[in-house]
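Hello,

Here is the structure I promised to pass on. Please open it first; my notes follow below.

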Amino acid sequence: MDRNIDEEYMRHCLRLAEMGLGSVAPNPMVGSIIVHDGIIVGEGFHRKYGEAHAEVNAIKSVKDKSLLNKSTLYVSLEPCSHFGKTPPCADLIIEHKIPRVVIAMQDPYSEVAGRGIKRLKDHGVDVTVGILEKEAQWLNRRFITFVTEKRPYVILKWAQTLDGFIDIEREAGAPTQPTWISNEACKTLVHRWRSEEKGILVGNNTITNDNPKLNVRVWNGENPTRILIDRTLVSPVESHIFDGSQPTIVFIGKNSGSSTRKELFEKIKNLELVSIDFARDAEIQMFDYIHKRGIQSVIIEGGARTLQGFIDRDCWDEARIFYGPKLFFKGVKAPAIVGIPYAEDSIDGTKLFYLRRK
C-alpha cells in the first residue's frame, strides 16, 4: 500500500480523535476509519470515558458488514487487548476478519504496550505501525505523560502587558477583582481550554485578589476539578472556589490553620483538604495525589509566584502566554520562562505565544 495514501487516511483518524478532547480522559483520544476499495465505509472515535472505543464505533458504522473482511482499518492508537471498561478491540477486529490494520503509534499503557499488535499478527492480520507516529504522540501528549511519568500533563497560562507585568500593584483593602489584560475573545478561548483539561490550579493570592470561579461559562464543556495551593489556609471561605459547585482540592501545610478553621472548610461540599510537606518537593507530592485522583492534565492559571514556582522546578510541559496591548508601568512582574516556541496567534490585538518545555 502507498505510504502517502496511508498518511492521508491517518490524518482523518487524527482529526476524528481530537473530537474527544475534554471528554475521554484519562483514556487517550483515538480515531478510526475503515476503507474498502479506496472508499471510507466506516468511521468513529472514542467519544466519552467508559464508552465504546474508536474501533468499535467505526465497525458499527459500516452498513454492509460483508465488506469488513476485504477492508483496511486505520486507527490512531494500538487497539487494546485487555478487558477494561470495554472488551478488547483487537478481538473485535479478529472476529470480523479484517485483513489489514494500520496504526499510528503503539499504546504506552502497560496493559497494552504492543500486546494488541502481537495479538493481531498472531491471528494473521497484516499490521503496519508508525504512520504519522509523531503527530499521534503530540495529540495524546497528556495521556502519554500520565501513563509513563505517573503525573498530570501541566499547561501554564497567563496574560501579561507589553511592559512585562501580570498584575497591578494591590493595596491592602482594595476591592477583590481581576485585572484584565487581554479581551473577550481571549476569555472565550481560555474557557475552551478549561473544558479540555481535567484540573485547574491556582494559588491563594489569586483567590484573595481575583476571586475567580474557575469554571467553564462561555464555552460548552465539563468543569475541571479546581485545585488550590493554600499552605496556611488563609483564603476567604466566602470565595467562589468554595461554593461546592464542582470538585475542589486544597493543598495545605501539615500544621496549617486552626482546627476550628479546618473544620469549617471540611464541611464544604465537594471539597478535599490534603496535607502535604511544603519543605519537601511539594510539587511532586501534589502531582502524585492529582495522578492518583485520575486527573490527567492541569492548566495552571495562578499568579506570578505560583507560576514561577512550577517553572523554577521544571514542573511544566506547555506554556500559553497572552501579550495584551496595555502598559502598567509598575506592578507584579510576569513569570520568567525559557521554552521552545511551537505556535503563535493574534486575537483581536492580543498576541498569543505557545511554548513547550525543552
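Leu 214 is buried, at 1% relative accessibility. Buried means under 20% relative accessible area, exposed over 50% and partly exposed in between (1.4 Å probe, protein chains only). Leu 214 sits in the loop between helix 8 (204–210) and strand 9 (225–229). Helices (H or I, at least four residues) and strands (E, at least two) are DSSP runs, numbered from the N terminus. Its phi is positive, near 55 degrees, and Leu 214 is not a glycine.

Please note that this is a predicted model: local features need pLDDT of at least 70, side-chain atom pairs count only at pLDDT 80 or more, and totals for chains, interfaces and linings use all residues. Residues are numbered from 1 along each chain as its sequence is written, and side-chain values use heavy atoms, with hydrogens and water left out.

Asp 37 also has a positive phi, about 50 degrees. Asp 37 is in the loop between strand 1 and strand 2. Asp 37 is exposed, with a relative accessible area of 67%.

Now a peptide bond. The one from Ala 25 to Pro 26 is cis, with omega near 10 degrees. Pro 26 lies in the loop between helix 1 and strand 1. Most residues other than glycine have a negative phi, and most peptide bonds are trans.

Last, Gln 160. Gln 160 belongs to strand 6 (residues 153–160). Gln 160 is buried, at 8% relative accessible area. Its contacts (heavy atoms within 4.5 Å) beyond four places in sequence include Phe 165, Ile 181 and Tyr 323.

Best wishes
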